[in-house]
Amino acid sequence: MRGLGPGLTARRLLPLRFPPRPPGPRLASGQATGALERAMDELLRRAVPPTPAYELREKTPAPAEGQCADFVSFYGGLAETAERAELLGRLARGFGVDHGQVAEQSAGVLQLRQQQREAAVLLQAEDRLRYALVPRYRGLFHHISKLDGGVRFLVQLRADLLEAQALKLVEGPDVREMNGVLKGMLSEWFSSGFLNLERVTWHSPCEVLQKISEAEAVHPVKNWMDMKRRVGPYRRCYFFSHCSTPGEPLVVLHVALTGDISSNIQVPAMAIVKECPPSETEEKNRIAAAIFYSISLTQQGLQGVELGTFLIKRVVKELQREFPHLGVFSSLSPIPGFTKWLLGLLNSQVKDHGRNELFTDSECKEISEITGGPTNETLKLLLSSSEWVQSETLVRALQTPLMRLCAWYLYGEKHRGYALNPVANFHLQNGAVLWRINWMADVSLKGITGSCGLMANYRYFLEETGPNSTSYLGSKNIKASEQVLSLVAQFQKNSKL
């Protein structure tokens with residue numbers, strides 16, 4: 001998920017098909033703005049169904065399909081991000097929960113508990129409270145989902161909402177609540193029972209191959225020969241599609257079938273992504289490991305929905321059916337954010353009058369002799385580009401310190417108690433082990449600038465993934481190998497963050 005989680009990046013591959021409508025107005029100043037806002041308010045009053053009384057909740061007819069279609073059509077005509085954000089903000093703020101009803105029903109539940117009334121009366125009161133806690137806009141979303149292409153529309157609507165939040169065009173607790181409600185509804189609609197696992201081969205429809213190529217966010221596809229290799233011998237590519245949109249990739253997983261756990265994405269001996277033509281035959285006795293080297297979410301609106309986790313589990317079962325002897329499963333993952341984190345540390349130490357808490361004295365001396373300048377200041381400049389890898393001497397000098405700093409970044413840097421790195425957090429939630437950190441494993445421009453060329457293996461011991469996941473999610477414990485723990489110990493000994 002980046003990281004279906006944050007470890008997963010999204011590209012829009014499910015274009016919305018709104019009913020034909022002239023382009024909508026844009027937010028402007030003066031009279032035009034007022035007219036658009038009045039149109040939005042009128043639309044919402046007409047399209048958002050009122051909440052029926054509790055006693056009539058199952059007897060009230062559904063709103064006319066045209067009302068929901070009007071909302072979809074109006075929204076589709078809003079060409080500007082700011083306009084869509086304004087409409088979504090008005091929907092969140094004006095059509096949420098009736099807090100007066102919630103307070104009234106809550107008081108009723110408390111009163112019944114104090115009176116020690118019979119269970120049936122208390123349960124009905126609690127059901128009334130649950131009913132009062134449902135926001136009005138949920139009814140709109142529910143009815144839109146029944147339209148042809150309605151679920152697709154809601155996925156895109158949430159993508160727009162997330163974009164507007166990121167740009168700070170719309171903020172506040174009401175907006176965050178609406179995002180959570182919509183995410184919960186999408187999680188139900190996109191649960192594993194509604195997802196189809198599909199394998200991609202060179203004989204798949206051309207449009208599917210094109211979408212898979214465009215969706216690849218970790219290691220961009222260079223050309224058709226590159227794509228042919230990624231779906232050819234010793235490679236597997238799978239995706240989930242929804243039962244309502246068969247053939248439309250939602251999340252894509254690329255797998256390399258190798259003799260061992262790969263430590264490099266490009267080196268010929270162990271290469272996963274390379275430009276040589278694929279071999280024509282596949283020898284099963286040469287396959288001992290399955291390496292998950294890329295997973296990409298295609299829809300921004302499905303962020304936070306557990307598609308990546310389900311996909312890995314389904315693919316493991318599929319591979320075990322095809323290769324009963326296969327017992328080694330691991331990722332070869334990028335470490336996005338490591339360079340940015342490291343540059344932040346270097347910058348803070350440069351500002352603090354040359355303070356050095358990252359490198360040993362001998363490391364500082366060696367790096368300074370190679371670069372001809374103060375360690376922190378020089379590395380801050382060098383690591384901001386990819387040119388430093390052209391010096392084999394500097395690459396060797398940086399291996400030991402950057403390996404231990406990377407180990408700490410993955411193992412020790414936390415966000416609310418969980419791994420700060422989104423890719424690490426994704427695999428650790430799945431129950432994988434932080435198995436190995438690999439030096440100069442991705443020397444592409446993206447690999448060098450994003451993670452100083454480092455990559456990580458997260459290994460899946462199938463019989464241990466459940467307990468590991470429970471331990472990580474419940475107690476925030478990270479399961480790591482001896483190599484990683486040794487690097488962490490070196491960091492704690494030689495660095496003083």
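Where is the place of Gln 105? I found Gln 105 in helix α4, residues 99-115. Helices here are DSSP runs of H or I with at least four residues, strands are runs of E with at least two, and both are numbered from the N terminus.

**Entry 1: ground rules**

I am working on a predicted model, where local features need pLDDT of at least 70 and side-chain atom pairs count only at pLDDT 80 or more, while totals for chains, interfaces and linings use all residues. Residues are numbered from 1 along each chain as its sequence is written, and side-chain values use heavy atoms, with hydrogens and water left out.

**Entry 2: the whole chain**

I noted 19 helices and nine strands in the chain. Along its principal axes, the C-alpha trace spans about 75 × 60 × 60 Å. Of the 497 residues, 49% are buried. I use buried for under 20% relative accessible area, exposed for over 50%, and partly exposed for what lies in between, with a 1.4 Å probe and protein chains only.

**Entry 3: back to Gln 105**

Is Gln 105 buried or exposed? Its relative accessible area is 14%, so I put Gln 105 down as buried. I then looked up its contacts, leaving aside neighbours within four places in sequence, and found Arg 128, Leu 129 and Ala 132. Contact means heavy atoms within 4.5 Å.

**Entry 4: helices α2 and α3**

Next I turned to a helix pair. Two packed helices are described by the angle between their axes and the distance between the axes. For α2 (residues 65-76) and α3 (residues 81-94), the axes come within 10 Å and cross at roughly 145 degrees. Axes are lines fitted to C-alpha atoms, for helices over the stretch in contact, and angles run from 0 to 180 degrees between N-to-C directions.

Which residues make the contact? From α2 I listed Phe 71, Phe 74 and Tyr 75, and from α3 Arg 84, Leu 87, Leu 88 and Leu 91. By class, I have six nonpolar residues, no polar ones and one charged. Nonpolar covers Ala, Val, Leu, Ile, Met, Phe, Trp, Tyr, Cys and Pro; charged covers Asp, Glu, Lys and Arg; the others, Gly among them, count as polar.

**Entry 5: rings around Phe 71**

I found 13 aromatic pairs in the structure. One of them is Phe 71 with Tyr 75, stacked, at 6.2 Å centre to centre and 20 degrees between the planes. Rings of Phe, Tyr and Trp (its six-membered ring) pair if their centres lie within 6.5 Å; planes under 30 degrees apart count as stacked, over 60 as edge-to-face and the rest as tilted.

Phe 71 and Tyr 75 both lie in α2, four residues apart, about one turn of the helix. Phe 71 also pairs with Phe 153, edge-to-face, at 6.3 Å centre to centre and 90 degrees between the planes. This pair links distant parts of the chain, with Phe 153 sitting in helix α7 (residues 150-166), 82 residues apart from Phe 71. Phe 71, Tyr 75 and Phe 153 form one aromatic cluster. Phe 71 and Phe 153 are both buried, and Tyr 75 is buried at a relative accessible area of 1%.

**Entry 6: charges over rings**

I checked two spots with a charged end over a ring. Arg 57 sits over the ring of Tyr 54, 3.8 Å from its centre, and Lys 476 over the ring of Tyr 418, 5.2 Å from its centre. The criterion is NZ of Lys or CZ of Arg within 6 Å of the ring centre and within 35 degrees of the ring normal.

**Entry 7: the sheet**

What is the strand order of the open sheet of seven strands? I wrote down β1-β2-β3-β4-β5-β9-β8, with mixed pairing. β1 and β8 (433-438) stand at the edges with a single partner strand each, so one side of each is left without a neighbour in the sheet. Neighbouring strands are turned by 30 degrees against each other on average, direction ignored. Two strands pair if DSSP finds at least two bridges between them.

Strand β2 (residues 235-242) runs antiparallel to β1 (residues 195-200), joined by six bridges; Asn 196 has Ser 241 as its bridge partner in β2. Six bridges also join β2 to β3 (residues 251-258), again antiparallel, and Phe 239 is partnered by Val 252.

By contrast, β4 (residues 289-297) and β5 (residues 328-331) pair in the parallel sense over four bridges, and Ala 290 has Phe 329 as its bridge partner in β5. Helix α15 (residues 392-411) packs on the sheet, touching β8 and β9 (455-460), and its direction makes about 155 degrees with that of β8.
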